[in-house]
Amino acid sequence: MALVQNFPFLSIILTLSGGVICSVLKGHGARKYSTFVLCTVLIGSLLTLAHVLSTGEAYVYMMGHFPAPWGNEIRVGILETMMAALFSGIMLLSLMGGMHHIFEDTEDTKSNLYFTLVMLLSASLLALVYTNDLFTGYVFVEINTIASCALVMIRYRSGKALVATVRYLFMSLLGSGLFLIGITILYDITGHLLMENIAESVAVLFKTGTYAFPLSVVIVLFSMGLAIKSACFPFHTWLPGAHGNATVSSSSILSGLVLKGYIFLLIKIFYRVIGMEIIFQQRATNVLFIFGVLAMIVGSIKAIQEKDLKRMLAYSSVAQIGYIFLGIGLGTEAGIAAACLHIIVHAITKPMLFTACGGFMDVSGGSKKFSELQGAGLRDKLSGFAFIVGAMSMIGIPFFAGFISKVYLTTSAIETLSLKTVIALAALAISTLLNACYYIPAMLVLFTHPKKEPVSVHPRPKAMSLSLWMFIGLNFLMGCFSQPIVNAVIQGIAMFR
Amino acid sequence: MAQLFVNYYETVAMIIFSIGFTTMLLNRNLIKKIIGFNFMDCAIYLFLACKGYVEGRKAPIIVNGVQSVEAYINPVPSGLVLTGIVVSVSVTAFLLALTIRLYYRYHTLDIEEIIVLSKKEED
């Protein structure tokens, strides 16, 4: 076993223990330590990715060397390591982008706890990505829930943030309750918790036709539970409050990464636990498809009506999650690949928009209302530039990241050749138009000269400039040289079976 | 119908689950919401635990040397229940802490009132 193969397990342990260590450090020490851990995880994930790409096959890492039906395992493939690298990298950039807000928004003696939560969140995201055991998945889903809710709640001065946390937490708990009962029923009918063993039993059950009804109930429970947690359309009501009222880094992390962790788990369950053939035959994907289409339209319309920049971005997330569910709902391998691409694209774009929004708030007296933000793009030019890049990417202009995933969504929709093709293409067209309808007015507001005198401007922290430049660079890189990433995603999905 | 009485553990678990589910979603009082959440989780643990139980067998604790596999119940669901209880305890603690903060701020436990009050606040 090569040394680098140990790294996925090590990164989970490193981040988990990082949470403990950060809780006893002072604020700035915790900041340094968490940055160090995230850098290490990023480098390690990239090394593992290179290793998996060169060997061309996934491997299973046994915990404590107990073999398959008894022990706990993590599984490392191309897609998993890509997601791990993406999550740790974006986490790092989001933290850097909103660092000064973190210290303003938390209580002075408790700013180290923010980094504790970030470490726990990273650990749970990594574990969700890598785990090969459903119950471990559930435990880390709950850790993820607590950490992400606390990231909203930690902005203690705002009553709205507290209320948003309550809503977010109860919806999340509902979701994880449904997920847990799904696992329970699945364990009852298969007798296993490891994904491969379940998949074998499920295939046998499906062939013989026994327990057909419980099996469909399980599929519904998994899809519902994880759709609630990833804010799919009818369950999105908690999202704008939570993402709109949190501190800048929290908003970036929650919209860019936390939602994606759950969706990735759902894709993994579809592929590796239930098996894609069964999912297609049960028509579970059709429901997700309809939810996705509705989310794309409703989210965009709600975003047009918003008078608050952060809430507008949050509603835009609802629409973008709709794109991802549309890709999954197409029910083809190409559709899933497009959904994975959109996960990546949205994860590198939305945090950039939120970070830029933090920059605008700095130069507009801390307000996020459009009426106060007039001309903010001129006062903070780099944030303005980043906002333009992000908006173009979300609308889907060529040479920006968003274009790539939209192209693949469209082509996979065309390949389906059914009623879904027409609906998906129409939804994509309308939603692109609607995206332009709220991003362009927002840009116009940000770049018109204000009537009143601007408030005093203090210099932008270096970390934030660096993070914005990195985001912009990533966006162009993804937009112009996407082919290797696309190939890796397709290879990674093929590896799932 | 007869199956509901044969599998009465599961039936009771599902009834408790729906009671907890509706309380958590529909009740306006935050404390009652939390109680509803605990009902919901406990129902799942009941369901899980009774799935591991086999009529007439003992808990897998070795007293007089290992007997045959037929002598013991399935211990895995019990382990899962324990893990689940730990999770729900920590979530409950977090929810209660959040409730305390909200109560200090708004002096009420009614979530609808709290939402109305928070909307009036400046950011």
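Predicted model: local features only at pLDDT ≥ 70, side-chain atom pairs only at ≥ 80, totals over all residues.
## Where the chains meet

Residues are numbered from 1 along each chain as its sequence is written, chains are lettered from A in the order written, and side-chain values use heavy atoms, without hydrogens or water.

In contact here are 35 residues of chain A and 38 residues of chain B; contact means heavy atoms within 4.5 Å.

## Two helices side by side

Look at helix α7 (residues 159–190) of chain A and helix α3 (residues 30–52) of chain B: they pack at about 10°, their axes 10 Å apart. Helices are DSSP runs of H or I, at least four residues, numbered from the N terminus. Axes are lines fitted to C-alpha atoms over the stretch in contact, with angles from 0 to 180 degrees between N-to-C directions. So α7(A) and α3(B) are roughly parallel, a label for angles under 35 degrees. Residues in their contact include Phe170(A) and Leu173(A) from α7(A), and Phe37(B) and Met40(B) from α3(B).

## A charged link

The rule finds one salt bridge across the interface of chain A and chain B. Arg101(B) forms a salt bridge with Glu107(A), their closest N and O atoms 3.3 Å apart. The rule asks for a side-chain nitrogen of Lys or Arg within 4 Å of a carboxyl oxygen of Asp or Glu.

Methods:
Parallel < 35°, antiparallel > 145°, perpendicular 65-115°, else oblique.
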